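Please keep the sequence open beside it while you read.

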Amino acid sequence: MKPRIFINIHYLEIGGAERALLGLLCALDPEKVDIDLFVNQHTGEFMPLIPKYVNLLPEIAEYSCIERPIKDIVLEGHIGMAIRRVVAKMRHSRYLRSLKIKAHDASIFQYVANAVSGGLPSLERYGEYDLAISFLQPHNIVLEKVKAKRKICWIHTDYSTISINHDLELLVWDGYDYVASISDECTKAFVSTFPELGRKILLVENILSSTFVRQQSDIEGDYSDMPREEGVTNILSIGRFCTPKHFEAIPQICAEMERLGLEFRWYIIGYGDDTLIQQALDKYQMRHRMILLGKKTNPYPYIKACDIYAQPSIYEGKSVTVREAQILHKPVVITNYPTAKSQISDGVDGIIVPLDEVETAKGIVALANDKQKQDTIVEYLKSHDYSNEAEVEKIYALI
C-alpha cells in the first residue's frame, strides 16, 4: 500500500504560492504516493491544472466561508461562521490599537483562523495520512482537523517585513513536526521572529516543473494584447496588486525610462485593487507605457514573448515568476529586496537593481540597451536547471 499525503491550500487563484503548489503536485510520483488535495474554496484559474492523478477532495461548505465576503456567507445561512469572523476582526483591531500599529493581512489571517477553527468539521473522516502538508498560512486546518503521522507547514513570506502577533502564531507553528522554508533568507527572517522554531526548519525550495512551464508557454492563442513592435522593448511583470509587489511605483519608473530615451512597453499581468496604480498612471501620464492586462490563466506565453521580465518588489519570499522566467530563458531584473540575492546571482542569471525608482529605471534601460549582456544571461539560463524538481525527495524522506 502506497503512503498517503494530504495537502491543504485556501484556493487556487493565480499566485506564486499556488503555482509552487502545482509544481509540487507535478513533481510527486503517483507510483510512489497517493495524494489527497483539500482546497478550502474550489475557486481560481488554476483549478483545471490540478494533475489528474491527484484526488481532489470535495469542497465543504464551512471551509469555503473562511475568506469569502461576510455578507455572502450570511445570505447562504452560515451565521455562525460570520459571527466568528466578525469577532476575529474585533480582536485583531483591539490588538492593533494596543500596539498603535496599522493593520497587516498576515496578522488578521491568524485571528480569523483561530476564530473560525471551532466551527469547522473534522477532516479525520478521510483516515490517517503518512504526511499532511499545510501549504499556505494560516496553518490551523492541518494542525487541528487532519490526522497524520507527521505534519509540515510552509513559509512563503519574508518575516522581517511584516508585523504579527508572535504569541498567537507561535502556538500554531510549534504544533508542526517541520516548518518548510523556501530559502535561506526566509529562514533567517523567520527564525529571527521565532527563535524557538529554528530546530524545526527544513529547506524545501519552490518546486517548478520546467516541462509544465514550457508546455504551457507553447499553447497557441490570441496574445495580441502584448504585440511585438519593431524597436520596442517589451517588459513584463506578474503578480497581485498589493504592497509587496510595488506595482504602483512602475509609472514613475516608466517616466524615468522614457526620459532616458528607451522605447518600450511595460505589461502587467495581475489583479486586485489598482487604485494606487491608476493614480500613479495619471500622475506620471504613463498609460501609453504601462499596460494592465488583467488576469491570465496561462501567463507563460506572455513570459515567453517578452524581452525582459521585471520584478520591482519591496519584498518577496522567493518569487515563483522570476524562476519561471528563468526557465523560459528570459533576462530578469529584480529590485534589491532582502531575499534578492537568494533569487539570482547579479550579472550572471539576472540583474539586481537598487530599490529606488530612478535606479531601477537606469538598470532596466542599461540591460535593454546591452544586447551582449542579454545574450550572456540567456546562454547561462539555457545551461542550468531552475525547476528544483529534486527537492521532492525531501518530501519523500518525511514519509
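1. Which residues have the most contacts inside the largest nonpolar core? The model is a predicted one, and in it this core has 89 residues, with Ile 7, Leu 28, Ile 133, Leu 236, Met 257 and Trp 266 having the most contacts inside it. The element that gives the most to this core is helix α1, residues 16-27, with 7 residues. Apart from this core lies another one, of 42 residues, which includes Ile 60, Met 81, Ala 132 and Phe 194.

2. Leu 28 deserves a look of its own. When residues up to four places away in sequence are not counted, Leu 28 touches Ile 5, Ile 7, Val 33 and Ile 35, and also Tyr 53, Val 392, Ile 395 and Tyr 396.

3. Next comes the sheet. Six strands form an open sheet with parallel pairing, and their order is β10-β9-β8-β11-β12-β13. Because β10 and β13 (351-353) stand at the edges and have a single partner strand each, one side of each is left without a neighbour in the sheet. On average, neighbouring strands of this sheet are turned by 25 degrees against each other, if direction is ignored.

4. The pairing can be followed strand by strand. Strand β8 (residues 233-238) runs parallel to β9 and is joined to it by 6 bridges, with Thr 233 having Phe 264 in β9 as its bridge partner. Strand β9 (residues 264-269) is in turn joined to β10 by 4 bridges, again in parallel, and here Ile 269 has Gly 294 in β10 as its bridge partner.

5. How are the helices placed around these strands? Helix α10 lies across β8, β9 and β10, and it runs at about 165 degrees to β9.

6. Which residues of helix α11 are buried? In this helix, which spans residues 275-284, they are Ile 277, Ala 280 and Leu 281. Seen down the axis of α11, the buried residues fall within an arc of 105 degrees, and therefore they line one face of the helix. These buried residues pack against α10 (250-259) and β10 (290-294), whereas the face of α11 that is turned away from the buried side carries Leu 276 and Lys 283, which are exposed. After α11 comes Gln 285, whose phi is positive, near 50 degrees.

7. Within its residues 184-193, Cys 186, Thr 187, Ala 189 and Phe 190 are buried, and what covers the buried residues of α8 includes β5 (148-155), α7 (166-173), β6 (178-181) and β7 (201-203).

8. Where is Ile 314 found? It sits in the loop between β11 (308-311) and α13 (320-327), and it counts as partly exposed because its relative accessibility is 29%, while buried would mean under 20% and exposed over 50%. Ile 314 and His 246 are 68 residues apart in sequence, yet their C-alpha atoms are 6.1 Å apart in space. Leaving aside neighbours within four places in sequence, the residues in contact with Ile 314 are Thr 243, Pro 244, His 246, Tyr 337, Pro 338 and Leu 355.

Conventions
Residues are numbered from 1 along each chain as its sequence is written. This is a predicted model: local features need pLDDT of at least 70, side-chain atom pairs count only at pLDDT 80 or more; totals for chains, interfaces and linings use all residues. Side-chain values use heavy atoms; hydrogens and water are left out. A nonpolar core is a set of buried Ala, Val, Leu, Ile, Met, Phe, Trp, Tyr and Cys residues joined through side-chain atoms within 4.5 Å. Buried means under 20% relative accessible area, exposed over 50%, partly exposed in between (1.4 Å probe, protein chains only). Helices (H or I, at least four residues) and strands (E, at least two) are DSSP runs, numbered from the N terminus. Contact means heavy atoms within 4.5 Å. The arc is that of the directions from the helix axis to the C-beta atoms. Two strands pair if DSSP finds at least two bridges between them. Axes are lines fitted to C-alpha atoms, for helices over the stretch in contact, and angles run from 0 to 180 degrees between N-to-C directions.
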